[in-house]
Amino acid sequence: MKPSRIAIRAAGAILLALMIQKLLCAQGNLTNADIVLAEDMLRGVRDAVKKNYYDPKYHGVDLDARYKVYEERIKKATNRGATFAEIAAYLSALHDSHTIFIPPPRLAAFRYGFRMAIIGEKAYITEVRSGSDAAEKLHLGDEILGLNHYTVNRNDFSDLNYYLYALSPQTALTFNLRDPLGRQREVSVETRIEGKGISGGEQRLWNEISNNRDVMEHLLRQRWVEQGDLLIWKMPEFSMDNSEVDHMMDRARKHAALILDLRGNPGGRVTTLDRMVGDVMDREVTVASRVSRKPEKPDTAKGRGAFRGKLFVLVDSRSESASEVFARTMQLEHRGVIVGDRTAGSVMQARIYPEHVGVNGLIPYAIEITDANLIMSDGKSLEGVGVTPDVIVLPTAADLAAGRDPALARAAELAGVKLDAAAAGKLFPFEWAPLSAE
């Protein structure tokens, strides 16, 4: 958890290794200067991790020995993407969702025009952008059997996103799909490329980090709907200050029940998390203990009891970091009912460290590094595990195609409010962030 949350996660699975091999075989215009720059980045990554990683033993990984291996592999790379992939692979041995390499900004932005998500153990198309090539060829509820001939599943999903959005954006993607009626097809989807020819720089790097916080170009804003004695709050990220949190809780206090929708929420600020927990508790709560290089005080939330009604929390496979910690805290404190799908299991405390290479340091890149592991009050970490809901509700392919939201409907039912899945699906339509030409 940290002020700036990115949704791409650490590399390490077999799928990513195969993708890196594909990059290594690709031809490109790699110069000696490019290799030197990549070696400088690798060295910067190693030094930053050695200095800042929360575990001084690095989970038993010999970072210096590994550095020598990947320094040699960079020398054999054939294109820039391959050098970046090798730097990413250098960190993969840590198996840490929040310790990743953020490459220099590209000269163009790649807009795929679709949104995909894991539901249960399968991947589906959940949104398409109007006017895109994806909108012509992909349909809501399509199950993704393969993408660029790789199988898409929960275990590999983060690696796939990291590859597509950070290491090697693609000009076109090939899908193997199965529609809700069971019919299979293969389609190729062209990517929209924006800003070609725009020079890079530090501001562009930070724009990319911000955009990658939700790799599907989601427009993030607070939304809510009142249904009699029920308030339904769609919270897209933990980015609010205390007054903003209190304002929403004051609104919720006028109702007997609150559904907090954290589906797709990538996390964010610890301060927002603590305020959220405090506003629904009437006593001080230990949210988590931090395991780091130096002793740290547990993360506690001071109970304010701003909202004392019934609480229901919606989560899914894209709920990460602070959203997972909030949901699990509510479970452990028996304060709310968690509804939906198992969360991402991407729960560490980390910071982003900006770096530069090249003559006069003109080429920016960054490393996100875990500085603390979070241990919940039951003595367990959520990293790689996630939160299993009290009530599991998984939309079907037919639900996605029809725009139904059975998870929200079920939460409303538990809150004592009648809301059918079709009506629930219309409450918070997905909002794309504007394209540069819009």
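Before the stops, a word on angles: axes here are lines fitted to C-alpha atoms, for helices over the stretch in contact, and the angle between two N-to-C directions runs from 0 to 180 degrees. Keep in mind that you're looking at a predicted model.

**Stop one: α8 and α9**

Now show side chains. From α8, pick Asn242, Val245, Asp246 and Met249; they meet Thr271, Thr272, Arg275, Met276, Asp279 and Val280 of α9. Colour that contact by class and you get four nonpolar, three polar and three charged residues.

**Stop two: α2 and α3**

Next, select residues 32–52 for helix α2 and residues 63–75 for helix α3. What angle do the axes of α2 and α3 cross at? Roughly 165 degrees, and the axes come within 10 Å. That makes α2 roughly antiparallel to α3. The crossing of α2 and α3 is right-handed.

For the contact, highlight Ile35, Ala38, Glu39, Leu42, Arg43, Arg46, Val49 and Lys50 on α2. Across from them, on α3, pick Leu63, Asp64, Tyr67, Tyr70, Glu71, Ile74 and Lys75. Sorted by class, the contact of α2 with α3 holds eight nonpolar and seven charged residues, with no polar ones.

Definitions and conventions
Residues are numbered from 1 along each chain as its sequence is written. This is a predicted model: local features need pLDDT of at least 70, side-chain atom pairs count only at pLDDT 80 or more; totals for chains, interfaces and linings use all residues. Side-chain values use heavy atoms; hydrogens and water are left out. Helices (H or I, at least four residues) and strands (E, at least two) are DSSP runs, numbered from the N terminus. Angles under 35 degrees count as roughly parallel, over 145 as roughly antiparallel, 65 to 115 as roughly perpendicular and the rest as oblique. A crossing is left-handed if the near helix is turned anticlockwise from the far one by less than a right angle, and right-handed if clockwise. Contact means heavy atoms within 4.5 Å. Ala, Val, Leu, Ile, Met, Phe, Trp, Tyr, Cys and Pro count as nonpolar, Asp, Glu, Lys and Arg as charged, and the others, Gly among them, as polar.
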